[in-house]
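This briefing covers helix geometry, aromatic pairs and the nonpolar core of one protein model. Please read it alongside the sequence and the coordinates.

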Amino acid sequence: MEYRQFLDGVNRKEDKAWVELYDYFYAPLCCYAAKIMGNDQMVEDVVQGCFVKLWLSTVCFEDIKVITAYLYRAVYNAALNFVRASLFSADVIRKFFRFCRIFGLTQWTKTGRRMTETVRQWDGEESVKSK
């Protein structure tokens with residue numbers, strides 16, 4: 001597809017141009033997101049979400065460089081938001097289990113071993129103490 005025709009097709013949301021855009025950028029954006037997110041299983045969802053947001057937006061592009069910058073910035077922000085939310089979730093879970101141990105609520109810590117393992121993976125901790 002010709003350069004100008006491609007840009008016009010992307011701006012007009014034409015399927016052929018978007019298939020080409022997706023095919024060209026999807027794999028590199030997934031690699032980029034994986035570097036930020038630590039090879040998380042959610043990498044593909046984050047990248048696809050950025051494509052969906054771009055499709056739904058009214059942004060028009062004059063140059064392929066602008067599309068490239070836009071997509072990489074969108075993936076960067078979405079990946080950081082995901083990492084930030086994951087760290088917050090791990091912190092909340094860790095505080096909950098600490099609370100359970102302090103107040104002797106052992107049924108929560110015994111049944112929550114799988115969740116404790118998840119916290120350990122998010123944290124990169126060697127061990128999370130549980131009773």
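The points below are grouped by topic and describe a predicted model.

**Helix α3**

- Helix α3 runs over residues 43-56, and its 14 residues should span 20 Å at 1.5 Å a residue; the end C-alpha atoms are 20 Å apart, which agrees with that expectation.
- The buried residues of α3 are V43, V46, V47, C50, F51 and L54.
- These residues cover an arc of only 140° around the axis, which means they sit on the same side of α3.
- K53 and L56 are exposed, on the other side of α3.

**Aromatic pairs**

- W18 belongs to helix α2 (residues 15-37) and W55 to helix α3, so their pair ties together parts that are 37 residues apart in sequence.
- W18 has 9% relative accessibility and therefore counts as buried, the cut-off being under 20%.
- W55 has 35% relative accessibility, so W55 counts as partly exposed.
- The rings of Y22 and Y26 have centres 4.8 Å apart and planes at 20°, so the pair is stacked, for which the planes must be under 30 degrees apart.
- Y22 and Y26 are four residues apart in helix α2, so about one helical turn separates them.
- Y22 is partly exposed, at 28% relative accessibility, whereas Y26 is buried, with a relative accessible area of 17%.
- Y22, Y26 and F51 are linked into a cluster by ring pairs; F51 is also among the buried residues of α3.

**Nonpolar core**

- The largest nonpolar core has 24 residues, of which V10, L21, V47, F51, I67 and L71 touch the most other members.
- Two or more residues of this core come from each of α1 (3-11), α2, α3 and α4 (64-102).
- Two of the residues that touch the most other members, V47 and F51, are buried residues of α3.
- Apart from neighbours within four places in sequence, V10 is in contact with A17, W18, L21, F61 and I67.

Key:
Residues numbered from 1 in each chain as written. Predicted model: local features only at pLDDT ≥ 70, side-chain atom pairs only at ≥ 80, totals over all residues. Heavy atoms only, no water. Expected span 1.5 Å × (residues − 1). Buried < 20%, exposed > 50% of the residue type's maximum accessible area, 1.4 Å probe, protein only. Arc of directions from axis to C-beta. Phe/Tyr/Trp six-rings, centres within 6.5 Å; stacked < 30°, edge-to-face > 60°. Core = buried A, V, L, I, M, F, W, Y, C linked by side-chain atoms within 4.5 Å. Contact = heavy atoms within 4.5 Å.
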